[in-house]
Amino acid sequence: MRDYKIVVLGAGGVGKSSVTVQFVQGVYVESYDPTIEDSYRKQIEIDGRACDLEILDTAGVAQFTAMRELYIKSGKGFILVYSVTDENSLKELLALREQVLRIKDSDNVPMVLIGNKSDLENDRVLSIEDGVKVSQEWGLVPFYETSAMYKTNVDEAFIDVVRQIMRKEAAMSAEKKQQKELQKQQDQKSEIPPSEKEVKKVRTKQSSSGEENDKAKSKCCVIM
Ligand SMILES: Nc1nc2c(ncn2[C@@H]2O[C@H](COP(=O)(O)OP(=O)(O)OP(=O)(O)O)[C@@H](O)[C@H]2O)c(=O)[nH]1
Ligand SMILES: [Mg+2]
C-alpha cells in the first residue's frame, strides 16, 4: 500500500479541521476549537489502488506557524483552504502557496484550492469566480467550493490531490526508467575498442619491432 502525506493549510477558522474530519470520519464538528496540529490516517481505494493517507491538519493562527516549514517539506500534496465568507483568508493563501513552492523548490506541486463554507450564502463575500480567478493565476490548480457542514465536494477535493500525487509519482518513475535506459545505452556505446593510449602502445611496439628487424637486417649486411 502506498503512503500519501497530505497537508491542509489556510487561515484560522476557515474550516480546515471541519473539512478534514468530514473526509476522514464523516462527521461535522459544529464547535470551534483552534488546532495546534492534528494528524489523521485514512485508508481508501482510488482508481483500484489501495492508498494509505496521512492527513496533517495544521494551525491557522500565527503563533503555531513555526512548524509549517517542517511539514511542508514532508508533505506530498497540499489542500489550501479559504472561507467564502472571509476575503482575507483567500489573500493569505497567496503567500502560503508561494511558501509551499519555495520550500518544495518546484512549480509542480500536487495541490487543490478549496473555498469552504459555501452553504453560508448570506455571509458570502467571495464568489465562485473569485476562486476560479485564483486557480487560473496558479496555473489551473483544481478548485472546489466545499461545505464541510453538508459534505459538499469534500471527498472530491481530497481524491483530486491524491490522484495528482499518483500522476506525479508515475511520471517520476517513468523518467527514472528512461534515464536508466539511456545510461545503459551510453555505457554500451562507451565499451569502445582499445583506448587511444592502448592503440599508441601497440603502434610503438610494432614500430620498435620493425626497427629491430632493420637492425638485424643491417647486422646481416655487415656480416656479409
Ligand atoms: N456553516 C459552515 N460552518 C463551517 C464550515 N466549516 C467549518 N465551519 C465552522 O467554522 C468554525 C471553524 O472551523 P474549523 O474547522 O475549526 O476551522 P479551522 O480552519 O480548522 O481553524 P483553526 O484550527 O483555528 O485554523 C467551526 O465552528 C465550524 O463548525 C462549513 O462548511 N459551513
Ligand atoms: Mg483547525
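This is a predicted model: local features need pLDDT of at least 70, side-chain atom pairs count only at pLDDT 80 or more; totals for chains, interfaces and linings use all residues.
In soluble globular proteins, nonpolar side chains tend to be buried together. The largest nonpolar core of the model comprises 28 residues, and those with the most contacts inside it are Leu53, Ile55, Ile79 and Val162. Two or more residues are contributed to this core by each of β1 (2-10), α1 (16-25), β2 (37-46), β3 (49-58), β4 (77-83), β5 (111-116) and α5 (154-189), with α5 giving the most, namely seven residues. When neighbours within four places in sequence are set aside, leucine 53 is in contact with Tyr4, Ile6, Phe23, Tyr40, Arg41, Lys42, Ile44 and Val162. Another core, of 23 residues, lies apart from this one and includes Leu9, Tyr71, Leu96 and Ile103.

Eleven salt bridges were found in a search of the whole structure. One of them joins the side chains of glutamate 145 and arginine 124, with an N to O distance of 2.7 Å; this pair links distant parts of the chain, since glutamate 145 belongs to strand β6 (residues 143-145) whereas arginine 124 lies in the loop between β5 and α4 (128-137), 21 residues apart. Glutamate 145 counts as buried because its relative accessibility is 11%, below the 20% limit.

By contrast, glutamate 137 and lysine 133 are both exposed, and their salt bridge has its closest N and O atoms 3.7 Å apart. These two residues are separated by about one helical turn, because they stand four residues apart in helix α4. A further salt bridge joins the side chains of lysine 151 and aspartate 155 (3.5 Å, N to O); lysine 151 counts as partly exposed at 34% relative accessibility, as does aspartate 155 at 28%. Finally, a network of salt bridges links Asp3, Lys5, Arg41, Asp52 and Glu54.

Technical notes. Residues are numbered from 1 along each chain as its sequence is written. Chains are lettered from A and ligands numbered from 1 in the order in which they are written. Side-chain values use heavy atoms; hydrogens and water are left out. A nonpolar core is a set of buried Ala, Val, Leu, Ile, Met, Phe, Trp, Tyr and Cys residues joined through side-chain atoms within 4.5 Å. Buried means under 20% relative accessible area, exposed over 50%, partly exposed in between (1.4 Å probe, protein chains only). Contact means heavy atoms within 4.5 Å. A salt bridge is a side-chain nitrogen of Lys or Arg within 4 Å of a carboxyl oxygen of Asp or Glu.
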